[in-house]
Amino acid sequence: MNDYYVKSPPISFEKIYQSSTCKTPIVFILSPGADPFSDVQKLVETVGLGMNKFKFLALGQGMGEQAKQYIEGGAMRGHWVMLQNCHLLISWLKTLEVIYDNITKPDKAFRLWLTTAPTDKFPLGILQKSLKVVTEPPDGLGQNIKQTYSKLSEDVFLACPKIEFKPMLYVLSFFHAVI
């Protein structure tokens with residue numbers, strides 16, 4: 001193995017959010033098995049947006065019109081819109097680019113989250129404007145456990161006074177890493 005290879009740190013969704021704007025789409029280029037949906041959902045709660053302002057849609061055949069409505073409505077009302085599996089509707093992505101370019105004055109709270117498998121067919125215009133996040137699966141058992149722990153706050157560790165809680169949390173993290 002290359003001695004200079006450095007494993008990237010776990011993704012901080014709060015930092016991604018802080019780096020984004022209402023005019024900057026956030027594109028997740030996914031590795032197999034990665035799904036940022038639950039992390040974005042937790043972020044909605046953390047920033048206090050409210051789940052009623054979080055619209056999500058798994059793209060597939062015939063979903064283009066609904067996605068358009070979510071984006072246009074979200075831009076006006078300050079919603080977050082997450083379109084998953086953009087690679088499954090490549091033919092519609094040019095339309096997505098036009099829809100996004102036509103949004104002139106989005107609400108400051110608006111965010112567009114996109115997920116895609118790696119593809120060379122993703123519109124360059126969207127990629128140039130976007131904040132790109134590449135997900136990688138953790139490399140090995142130790143990194144996997146570390147990634148799980150990175151998602152836990154200190155409050156989680158202090159939440160239970162039982163002495164068995166922390167070892168059980170470790171065992172659960174270990175089990176999750178193995179699975």
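The model is predicted, so local features need pLDDT of at least 70 and side-chain atom pairs count only at pLDDT 80 or more, whereas totals for chains, interfaces and linings use all residues. Residues are numbered from 1 along each chain as its sequence is written, and side-chain values use heavy atoms, with hydrogens and water left out.

N85 is placed in the loop between strand 3 (80-84) and helix 4 (90-101), helices (H or I, at least four residues) and strands (E, at least two) being DSSP runs numbered from the N terminus. Its phi is near 60°, a positive value in a residue other than glycine. Most residues other than glycine have a negative phi.

T115 belongs to strand 4 (residues 111-116). With a relative accessibility of 2%, T115 is buried, while N85, at 27%, is partly exposed (buried, under 20% relative accessible area; exposed, over 50%; partly exposed, in between; 1.4 Å probe, protein chains only). Beyond four places in sequence, T115 touches F28, L30, P36, M82, L83, Q84, N85 and C86, contact meaning heavy atoms within 4.5 Å.

In helix 6 (residues 140-150), the buried residues are N144, I145 and T148. Viewed down the axis of helix 6, these residues fall within an arc of 95° and therefore line one face, the arc being that of the directions from the helix axis to the C-beta atoms. They pack against helix 8 (165-178), whereas G142 and K146 are exposed on the other side of helix 6.
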